[in-house]
Amino acid sequence: MTFSVKDLGRSPGSMRTIEEHAPVPKDFGVALIGVQEGSDMELDLRFESVHEGILVSGTANVEVTGECGRCLEPLRFDRDVEIQELFFYSDSASLSVEEEEEQHRVENDSVDLEPVLRDAVVTSLPFQPVCREDCQGLCSECGARLNDDPDHHHEVLDPRWSALAGLTGTAAEQNAAPKSESDEKEES
């Protein structure tokens, strides 16, 4: 997403605005949520010439899609993202060596907004997307959606007691069975 700034020259104070629809490039998201490649991105930008370079500011409107991190329901919503970035002229002497490596540059009288837009969009996405704040998620035993059945539960027995569970059944059977002659002799 490269925009020409040749018409602004190096005249501080000169400005131009654009309103444009552009396709979204790759990798505008994270594992659970993001903006689909090729979808429409509305840009409303202002390019201003300043002493050090070109200041780009404005908004980008994108449609975010993904899934809830708790129940895996599909998510879809619009997001307006504010951007503001200074693109330095390549001969700008106002930067230290460390700063120079981290800054964006005006190259061949144009600016590349793709990394700036990607950073702005991805950092605005929720870290743990949810369909609603009180989403219950999925049952860890069977995967049932807990929002659909809030009373859903499983009887979970501690595996350390499983051997004793078998004994309670045999003890009840012994008490219910008629006593044999050997049992009567032991009791007396």
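The model is predicted, so local features need pLDDT of at least 70 and side-chain atom pairs count only at pLDDT 80 or more, while totals for chains, interfaces and linings use all residues. Residues are numbered from 1 along each chain as its sequence is written, and side-chain values use heavy atoms, with hydrogens and water left out.

**Strand β5**
- Strand β5 spans residues 40-49; strands are DSSP runs of E with at least two residues, and helices are runs of H or I with at least four, numbered from the N terminus.
- M41, L43, L45, F47 and S49 form the covered face of β5, and D40, E42, D44, R46 and E48 the uncovered one.
- In a regular strand the side chains alternate between the two faces of the sheet.

**Pairing of β5**
- Strand β2 (residues 15-23) pairs with β5 in the antiparallel sense over 9 bridges; pairing requires at least two DSSP bridges between the strands.
- D40 in β5 is the bridge partner of P23.
- Strand β6 (residues 53-67) and β5 are also antiparallel, with 8 bridges, and L45 stands opposite G58 in β6.
- A hairpin through 3 residues joins β5 to β6.

**R105**
- R105 lies in strand β8 (residues 104-106).
- R105 has a relative accessible area of 16% and is buried (under 20%, with a 1.4 Å probe and protein chains only).

- Helix α3 (residues 162-176) contains L167.

Note on methods
Buried means under 20% relative accessible area, exposed over 50%, partly exposed in between (1.4 Å probe, protein chains only).
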